[in-house]
Amino acid sequence: MASVSPGADKGDYPWWLVALALIALALAGVIVANDLYRQVFSIVLKGLWVTIFVTLVAFLLATLLGLAIALMALSESKVLRQVARFYTEVIRGVPVLVLLFYIAFVGAPALVAVINVAISPLVSAGVMEPMLVRDLSLMWRAIIALMIGYSAFIAEVFRAGIQSVDKEQVEAAKALGLSRVQRFRLVVFPQAIRVILPPLGNDFVAMVKDSSLVSVLGVADITQMGKVYASGSFRFFETYSIVAYVYLILTIGLSLALRALERRLRRGAHP
């Protein structure tokens with residue numbers, strides 16, 4: 001997410017936003033008036049729904065996995081804590097692009113082999129057919145890779161947010177006889193979510209941008225549609241200008257919405 005300028009908290013008028021809005025309107029005018037830009041925009045826009053689908057599904061799965069890893073890291077079990085630490089350190093140390101290739105061409109075949117072993121009795125009985133690697137589409141391989149890559153970062157966000165809750169409140173809830181699940185659901189999580197949401201929103205915006213990496217697998221997202229058009233027409237300037245424009249509209253719009261949500265949460269925490 002775009003960083004807030006130093007003067008933002010001092011009540012400075014957001015002239016940068018006005019400038020961006022004017023540039024966006026000017027580019028929109030060019031797209032409407034120019035046949036070439038309009039054609040490029042319509043082609044690039046075909047990949048918008050793929051980008052949205054990949055981002056939403058991968059982020060939802062990464063959030064669920066990250067929460068599970070965070071709870072393991074905060075567990076009383078030493079084994080679970082070490083497993084969680086091992087996972088987060090290893091995954092955070094691998095670039096997303098490398099992880100994407102690894103999951104697509106190493107992890108996917110291994111997953112299919114494991115599934116075939118699990119369903120082998122059904123295959124032998126003629127109830128099911130063995131799964132082939134090509135049955136797992138490249139888009140889902142990309143989603144799995146993004147899920148794994150971001151889950152490690154999201155796990156740290158959840159862990160820090162949960163640990164920010166005053167331990168005395170947890171002890172008070174324990175004294176009232178609340179179970180571990182009830183303490184987490186009624187006391188810890190409602191307070192931790194105010195700390196968790198801003199960095200979680202940052203990760204969501206970052207995933208919107210990193211979803212462009214799925215184009216290396218041929219997934220027809222915004223970047224891939226632009227790449228195909230540019231390679232066939234040699235209109236690189238026009239095409240990638242439109243691609244950058246679409247991503248900026250998405251990310252800046254999300255950033256502004258998340259800032260508004262963050263301000264509302266701050267007002268709710270300090271009436």
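Helices here are DSSP runs of at least four residues, numbered from the N terminus. With that in hand, let's walk through this predicted model, starting at L265, which sits in helix α11, residues 236-269.

Who does L265 meet? Leaving aside residues up to four places away in sequence, L265 touches R194 and L197. For a sense of spacing, take A206: it is 59 residues from L265 along the chain, and the C-alpha atoms of the two are separated by 21 Å.

Now for the stretches that carry a label. The UniProt record, an unreviewed entry, marks "transmembrane region" at residues 15-36, 48-74, 94-117, 138-158 and 242-261. Let's look at two of them. Residues 15-36 are 95% helix and 0% strand, with 31 Å between the C-alpha atoms at the ends. Residues 138-158 are 100% helix and 0% strand, and their end C-alpha atoms lie 29 Å apart.

Next, a pair of helices. Two packed helices are described by the angle between their axes and the distance between those axes. The crossing of α3 past α9 is right-handed.

Which residues do the touching? On the α3 side they are T55, L56, A58, F59, A62, L67 and L71, and they meet F184, L200, D203, F204, M207 and V208 of α9. Sorted by class, this contact has 11 nonpolar residues, 1 polar and 1 charged.

Definitions and conventions
Residues numbered from 1 in each chain as written. Predicted model: local features only at pLDDT ≥ 70, side-chain atom pairs only at ≥ 80, totals over all residues. Heavy atoms only, no water. UniProt positions renumbered as here; feature names shortened; annotations may be inferred. Helix = DSSP H or I, 4+ residues; strand = E, 2+ residues; numbered from the N terminus. Left-handed = near helix turned anticlockwise from the far one by under 90°. Contact = heavy atoms within 4.5 Å. Nonpolar A, V, L, I, M, F, W, Y, C, P; charged D, E, K, R; others polar.
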